[in-house]
Amino acid sequence: MKVNPFVFGVIILAVFFGLLGGAKAAGIWSVSAKVTSTGERAAPTGQDVSEIKGWMTLADITKAYNVPLADIIAAFELPADTSETAQLKSLESDLFSVTDLRTWLAARQQ
């Protein structure tokens, strides 16, 4: 039995994307680090600075690492009215980056 190459390709793609979709629907695979496999919002634990991501907010960082928002604002010369709901990636500038924040927090933990 000969299978048309086009049909074979469509079948392979359907199986591949069907498996991915099924795994996502079942909650055993996620394409985003923003949620855990159980669907809960991912948040830093305060134990390892490498877990800090740009989509996280200043509130996530202050809570996990027990550091006042005012200290972060002062250390990176952020505007005084910076909201704790601001995502880290939205604050990127010459004075602030996620990498710099990780380094600063790691130094504070020692």
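## The nonpolar core

A nonpolar core is a set of buried Ala, Val, Leu, Ile, Met, Phe, Trp, Tyr and Cys residues joined through side-chain atoms within 4.5 Å, where buried means under 20% relative accessible area, exposed over 50% and partly exposed in between, with a 1.4 Å probe and protein chains only. The model is a predicted one, in which local features need pLDDT of at least 70 and side-chain atom pairs count only at pLDDT 80 or more, while totals for chains, interfaces and linings use all residues. Residues are numbered from 1 along each chain as its sequence is written, and side-chain values use heavy atoms, with hydrogens and water left out.

The largest nonpolar core has 21 residues, of which Ile52, Ile61, Tyr65, Leu88, Leu101 and Leu105 touch the most other members. At least two residues of this core come from each of α2 (58–65), α3 (69–75) and α4 (98–109), and the largest share, 4 residues, is supplied by α2; helices here are DSSP runs (H or I, at least four residues), numbered from the N terminus. Leaving aside residues up to four places away in sequence, Leu88 has contacts (heavy atoms within 4.5 Å) with residues including Ile52, Ile61, Phe96 and Leu101.

Ser97 lies in the loop between α3 and α4, and Ser97 counts as buried because its relative accessibility is 14%. The side chain of Ser97 reaches the backbone nitrogen of Asp100 at 3.0 Å.

## Helix α1 and its ends

At the start of α1, a side-chain oxygen of Asn4 comes to within 2.9 Å of the backbone nitrogen of Phe6, and α1 is followed by Gly27, whose phi is positive, near 80 degrees.

Technical notes: A polar contact is a pair of N or O atoms within 3.5 Å; within protein, one must be able to donate a hydrogen and the other to accept it, and residues adjacent in sequence count only if both atoms are side-chain atoms.
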